[in-house]
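Subject: Handover of a structure with its ligand

Dear colleague,

Please find below the structure that I am handing over to you. My findings follow it.

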Amino acid sequence: MSVSRPQPRPTPRPGVLSIQAYVPGKSSAPGVAKVFKLSSNESPLGPSPRAIEAYRRTGEHLEDYPDGSASELREAIGRVYGLDPDRIVCGAGSDDLLNLLARAYLADGDEAIHTTHGFLVYPIATLGAGATPVVAAEKNYTADVDTILAKVTVKTKIIFLANPNNPTGTYVPFDEVKRMQRALPPHVLLVIDAAYSEYVERNDYESGIELVATSENVVMCRTFSKIHGLAGLRLGWMYGPAHVVDAVNRIRGPFNVNLPAIAAGIAAIEDTAHQDFSRAHNRTWLAWLTEEIGKLGLEVTPSAANFVLIHFPTTKGRTAQDADRFLTARGLILRQVGAYQLPNALRMSVGTEEANRLVVQALADFLGSKR
Ligand SMILES: Cc1ncc(COP(=O)(O)O)c(C=O)c1O
């Protein structure tokens, strides 16, 4: 009897099959008519009406390629933040830029550091580039500079720091980020992922712009998916030293940002009133949710972003999974964060007033407390 041998077939590069594919937040609740999606930190207020209008206008010109260097968008970002547009690169979401940075700076055998509850795209981008993700423990759900520095070796090429971090909402004060940068060997690229920076209202926070401007090994990534409400268009930008910008520009797709995204992005970044409106909504409801959920006896990690991390007991019937089922049955979709080493927590994006009130009432019902 002949034994059939497996046929040789194409094999992905080392690391690729070790990747746990990213699982996006759920967006539906079977059998529930009205669903509130609070699982992906999207803006409950949507984009600026001007961005929607600019997006619509591009419908007349879909046969045209976009400007491959997104010059007008980079100039608009430069005007708003006082930055040199030549030091900005735009991407199809900041995911695109994080992956490009990994591809440009990591090779087989290199290491990239991220923290225990750091954003999941970092290990994915690292493994995809053939390198090894190294995890630095957090303290109190917060990245810790000394622990990160202790993990740096000659193999370390990138440190990914989400500031504030998703899914914890915690942040590292600017003094600490500066201290880390000063202590790093100059060959290590510090990638500050400031996806939620527009929401942060703390005196000791800085998004990364200042550090990029004064050093040769720091890059800051930003997104239009959160406060600008344009997650569906996939748009992000990074600001970095000229040599990093040059490297990323060499490997990015020649038209990596599409026409509607460029048009809507320009209108969005210029509509500072809409950003203020979204920030004010977040300020009110982030504080309210933290307090009201805390009153129910659940621990909420103090957040500087547009979401809260809610911790649940491990008692049967009271767990994060039980709560998730209960909330989903009411059309309230939060995010399970087991993949972030937080099996006993759920992350909730700040939603509309209606959604926020419904979640707090549902949690009270789930826990059997009176409200
Ligand atoms: C920390 C962090 N960085 C980056 C992103 C990705 O943003 P984008 O939609 O621009 O790819 C997210 C989205 O959830 C995030 O939480």
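Predicted model: local features only at pLDDT ≥ 70, side-chain atom pairs only at ≥ 80, totals over all residues.

Overall architecture

On that definition, the chain has 12 helices and 13 strands. Its radius of gyration is 21 Å, close to the 21 Å given by the globule rule for 371 residues, so the chain is as compact as a globular protein of that length. Along the principal axes, the C-alpha atoms occupy a box of roughly 65 × 60 × 55 Å.

The ligand site

The second largest pocket holds the ligand. The residues around the ligand are Gly93, Ser94, Asp95, Phe119, Asn166, Asp193, Ala195, Tyr196, Thr223, Ser225, Lys226 and Arg234. By class, this shell comprises 3 nonpolar, 5 polar and 4 charged residues. Helix H3 (residues 93-105) supplies the largest share of the shell, with 3 residues.

In Thr223, a side-chain N or O atom is 2.5 Å from an oxygen atom of the ligand. For Asn166, a polar side-chain atom lies 2.7 Å from a ligand oxygen atom, and for Lys226 the corresponding distance to an oxygen atom of the ligand is 2.9 Å. On its own, the ligand has 400 Å² of accessible area, of which the protein covers 94%.

Backbone geometry

Most residues other than glycine have a negative phi, and most peptide bonds are trans.

Asn166, already mentioned for its contact with a ligand oxygen atom, is joined to Pro167 by a cis peptide bond with omega of about 15°. Pro167 belongs to the loop between E5 and H6. The peptide bond from Asn163 to Pro164 is also cis, with omega near -5°. Pro164 is likewise found in the loop between strand E5 (156-162) and helix H6 (174-183).

Asn41 is located in the loop between strand E1 (36-37) and helix H1 (49-57).

Yours sincerely,

A colleague

Notes: Residues numbered from 1 in each chain as written. Heavy atoms only, no water. Near = heavy atom within 4 Å. Polar contact = N/O pair within 3.5 Å; in protein donor to acceptor, adjacent residues only side chain to side chain. Areas by Shrake-Rupley, 256 points an atom, 1.4 Å probe, with all protein chains shown as cover. 1 Å grid on protein atoms, 1.4 Å probe; cavity = no way out; pocket = protein on both sides within 12 Å on 5 of 7 lines; lining within 4 Å. Sits in = over half its atoms within 2 Å of the grid points. Helix = DSSP H or I, 4+ residues; strand = E, 2+ residues; numbered from the N terminus. Nonpolar A, V, L, I, M, F, W, Y, C, P; charged D, E, K, R; others polar. Rg over C-alpha atoms; globule rule 2.2 N^0.38 Å.
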